[in-house]
Amino acid sequence: MSVLIFAELEEGAIKKSSLEAIYYGSKVAEQTGTTATALVLGEANADELAKAGRFGATRVLHASDAQLNEGNALAYASVVAEAASQEKADVIVLAKSSLADSLAARLAGKLKAGLAANVIELPDLSSGFRVKRSIFTGKAFAVTELTADQKILTIKKNTITPEETDASATVETFNPALNASDFAVKVTNTEKASGDILLPEADRVVSAGRGLKGPENWGIVEDLAKALHAATACSKPVSDLDWRPHHEHVGQTGIKISPNLYIACGISGAIQHLAGVNSSKVIVVINKDPEAPFFKSADYGIVGDVFDVLPRLTKAVQEL
Ligand code: FAD
């Protein structure tokens, strides 16, 4: 009996959301009186593997085969299933991501395990194994009971605030039995869709809508994003108009994000937009219309013209 956590890498580093998942898994292990083991697939250096220990794993299994460097759900499903069987893992934890969505579903099929996606709290073990999940793009919650022997949970980003300690984990090499059929689908090339800070992983996001009037005005959005070390995002009409690339579009039909800080500039706050951003920890809204619906969801609101407010805000941040 144990908890196995799949730790996803991004350019050789464990993703922040996966460190949260490791911490979450260690808390489930505490609840169930077992241990938490992190599984890292692909090349990663010793410092990265040590991080898993500092966030709660007691052991780290590392399959360093370079074939596993690219996120490949087919191959990963075989490897995670093998590790789960070796570890007799009854709970498998993954951080929610597009790779994890595909991997978790394949894994559930392979292991005949119960799968709960988008989990937002530690399990309630008082009666069976129940988890609370965010559903309908954050508009509702569901409590789901998992009755299968093996349970797979994908954890929504920012569900839990992990504590980093100076604990260390035992690192063990894991040599999975890979075969050609595991690589029936191959990633042949990857290209970064945005700048240095990836939107789905970003802690801070500066987002803008039609209130910016045109693509030529995005400099003031990028300046604030740069000052805050934030990623940039946009509303759907903005990407439909080709003012910004589609991968920046957030909302019901775009990327769903939950950064610690979301600054919405000249965005009305339509329900379809909110569906992708309403689980951000702190929402700041800048809009010249005091009646803009977004203000109802804001932690902080600035009624003003973006062309006046944004440069002043950027200057203030730069001076901090
Ligand atoms: P607008 O609604 O035009 O709002 C512009 C805002 O800027 C206004 O509030 C205005 O007061 C303010 N403003 C104007 N000038 C200034 C200024 N100088 N300074 C400050 N404020 C200013 N939308 C999404 O974003 N994401 C989605 O995923 C999405 N999915 C959809 C799915 C469906 C099925 C449908 C029907 C719609 C979807 N939409 C989505 C569209 C959504 O309904 C809204 O139309 C859209 O979010 C509005 O974008 P906006 O706020 O940028 O533009």
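**Cores, pockets and selected residues**

In the predicted model, valine 40 is in contact with Ala7, Leu9, Ile14, Leu49, Val60, Leu61, His62 and Ala63, neighbours within four places in sequence being left aside. Apart from valine 40, the largest nonpolar core has Ile22, Tyr24, Val93 and Leu153 among the members that touch the most other members, out of 33 residues in total. Two or more residues are given to this core by each of β1 (2-7), α1 (16-32), β4 (36-41), α2 (46-54), β6 (89-95), β7 (114-119) and β10. The greatest contribution is that of α1, with seven residues. Another core, of 30 residues, lies apart from the largest one and includes Ile92, Leu103, Ala113 and Phe174. In soluble globular proteins, nonpolar side chains tend to be buried together.

Glutamine 150 is located in the loop that runs between β9 (140-145) and β10 (151-155). Its relative accessible area is 18%, so glutamine 150 is classed as buried, the cut-off being under 20%. Beyond residues up to four places away in sequence, glutamine 150 touches Ala84, Ala89, Asp90, Leu111, Ala113 and Gly114. Of these, Ala113 is also listed among the residues of the 30-residue core.

Two lysines have a positive phi. For lysine 88, which is not a glycine, phi is about 50°. Lysine 88 lies in the loop between α3 (73-87) and β6, and is exposed, with a relative accessible area of 60%. For lysine 112, phi is near 55°, again a positive value in a residue other than glycine. The loop between α4 and β7 holds lysine 112, which counts as exposed at 69% relative accessibility.

The largest pocket has a volume of about 1400 Å³. Its lining comprises 50 residues, and those nearest the pocket centre are Glu8, Lys15, Ser97, Ser98 and Pro200. The elements β1, β2 (9-10), α4 (98-111), β8 (130-135) and α7 (271-277) each give two or more residues to the lining of the largest pocket. Divided by class, this lining has 17 nonpolar, 18 polar and 15 charged residues.

For the second largest pocket, the volume is about 420 Å³. The second largest pocket is lined by 25 residues, with Arg210, Gly211, Gly266, Ile267 and Ser268 lying nearest its centre. Two or more lining residues come from each of α6 (236-240), α7 and α8 (306-319). The lining of the second largest pocket is made up of six nonpolar, 14 polar and five charged residues.

Valine 306 is placed in helix α8 and counts as buried at 5% relative accessibility. With residues up to four places away in sequence not counted, valine 306 touches Gly211, Leu212, Ile220, Cys265, Gly266, Ile286 and Pro311. Gly211 and Gly266 are also among the residues nearest the centre of the second largest pocket. The C-alpha atom of valine 306 is separated by 32 Å from that of serine 17, the two residues being 289 residues apart along the chain.

Cysteine 265, one of the residues touched by valine 306, is buried, with a relative accessible area of 0%. Cysteine 234 is likewise buried, at a relative accessible area of 0%. The structure holds zero disulfides. The cysteine sulfur closest to that of cysteine 234 is in cysteine 265, and because the distance is 12 Å, the pair is too far apart for a bond. For cysteine 265, the closest cysteine sulfur is in turn that of cysteine 234.

Phenylalanine 295 lies in the loop between β15 (282-287) and β16 (300-303). With a relative accessibility of 18%, phenylalanine 295 counts as buried. Neighbours within four places in sequence aside, phenylalanine 295 is in contact with Val285, Asn287, Asp289, Pro290, Gly301, Ile302 and Val303. The C-alpha atoms of phenylalanine 295 and proline 176 are separated by 52 Å, and these residues are 119 residues apart along the chain.

Terms used. Residues numbered from 1 in each chain as written. Predicted model: local features only at pLDDT ≥ 70, side-chain atom pairs only at ≥ 80, totals over all residues. Heavy atoms only, no water. Helix = DSSP H or I, 4+ residues; strand = E, 2+ residues; numbered from the N terminus. Buried < 20%, exposed > 50% of the residue type's maximum accessible area, 1.4 Å probe, protein only. Contact = heavy atoms within 4.5 Å. Core = buried A, V, L, I, M, F, W, Y, C linked by side-chain atoms within 4.5 Å. Disulfide = S-S within 2.5 Å. 1 Å grid on protein atoms, 1.4 Å probe; cavity = no way out; pocket = protein on both sides within 12 Å on 5 of 7 lines; lining within 4 Å. Points joined across faces, edges and corners; volume = space filled by probe spheres on them. Nonpolar A, V, L, I, M, F, W, Y, C, P; charged D, E, K, R; others polar.
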